[in-house]
Amino acid sequence: MGKIIFFLTKEVRPMLKVLNVAQYFLSLGSMKHKKLQKLCYYAQSWYLVLTGKRLMDTVFEAWVHGPVSPELYVYYRDWGGLTIPQMPYTSKKIDEKTKNFLQLIYSMYKEYSADDLEKLTHQEQPWKEAREGYPADSICRVRIKEETMKQYYEGLLSNGK
């Protein structure tokens, strides 16, 4: 994965809804629900690193197939394993600076399949920590700690990975 070289100011703005972020990602390309979940998770994680604040008003839980926002899951669950088509983003909820950030996240992870992103998150500390003590195929609704997300991805950034 390439290095993140991006600057966001620490301006005050309301948190976005996870559905707005998901819809913006879908304006950049079609994808499976599982990949959409992981893109939103990585957007939240990297935003925490770069600004010290949450991007979205959602939590991510350590489900069997990786980090999941329950709110996003409920909205897109009927898609199952089908590909959600690309669609235009018409809302004015996301400002240009944040769109640029989301485009960067998308460009970092767009070549990964949904399954690749699942495997990647399974190797990372935030998901592993939340899943500790749970069998691999067991239901787990443990919230992934945002502080762990921030620390882990800060470490990747400082190590140049």
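## Phe25 and its contacts

In this predicted model, Phe25 sits in helix α1. Beyond its neighbours within four places in sequence, Phe25 is in contact with Met31, Leu36, Leu39, Cys40, Ala43, Leu102, Ile105 and Tyr106. Its relative accessible area is 0%. Phe25 therefore counts as buried, since the cut-off is under 20%.

## The nonpolar core

The largest nonpolar core holds 45 residues. Within this core, Phe25 and Trp46 touch the most other members. Several helices build the core. At least two residues each come from α1 (18–28), α2, α3 (70–76), α4, α5, α6 and α7 (146–159). Which helix supplies the largest share? Helix α2 does, with 11 residues.

In soluble globular proteins, nonpolar side chains tend to be buried together.

## Helix α5: a buried side

Helix α5 spans residues 114–122. Its buried residues are Ala114, Leu117, Glu118, Leu120 and Thr121. Why do these residues lie on the same side of α5? They cover an arc of only 165 degrees around the axis. An α-helix has 3.6 residues a turn, so residues three or four places apart point the same way.

What covers the buried residues of α5? The cover includes the strands β1 (31–32) and β3 (66–68). It also includes the helices α2 (33–51), α4 (96–109) and α6 (125–131).

## Lys119

Lys119 is also found in helix α5. Is Lys119 buried or exposed? Its relative accessible area is 53%. That makes Lys119 exposed, because the cut-off is over 50%. Glu118 and Leu120, by contrast, are among the buried residues of this helix.

Lys119 and Gly66 are 53 residues apart in sequence. In space, their C-alpha atoms are 8.0 Å apart. Gly66 falls in β3 (66–68), one of the elements that cover the buried residues of α5.

## The largest pocket

The largest pocket has a volume of about 330 Å³. Its lining has 17 residues. Closest to the pocket centre are Lys34, Trp63, His65, Val68 and Tyr73.

What is the make-up of the lining by residue type? Seven residues are nonpolar, five are polar and five are charged. Helix α2 gives the most to this lining, with four residues.

Technical notes:
Residues are numbered from 1 along each chain as its sequence is written. This is a predicted model: local features need pLDDT of at least 70, side-chain atom pairs count only at pLDDT 80 or more; totals for chains, interfaces and linings use all residues. Side-chain values use heavy atoms; hydrogens and water are left out. Buried means under 20% relative accessible area, exposed over 50%, partly exposed in between (1.4 Å probe, protein chains only). The arc is that of the directions from the helix axis to the C-beta atoms. Contact means heavy atoms within 4.5 Å. On a 1 Å grid over the protein atoms alone, a cavity is a set of points where a 1.4 Å probe fits but cannot get out, and a pocket is an open set with protein on both sides within 12 Å along at least five of seven lines; lining residues have an atom within 4 Å of a point. Grid points are joined across faces, edges and corners, and a volume is the space filled by probe spheres set on the points. Ala, Val, Leu, Ile, Met, Phe, Trp, Tyr, Cys and Pro count as nonpolar, Asp, Glu, Lys and Arg as charged, and the others, Gly among them, as polar. A nonpolar core is a set of buried Ala, Val, Leu, Ile, Met, Phe, Trp, Tyr and Cys residues joined through side-chain atoms within 4.5 Å.
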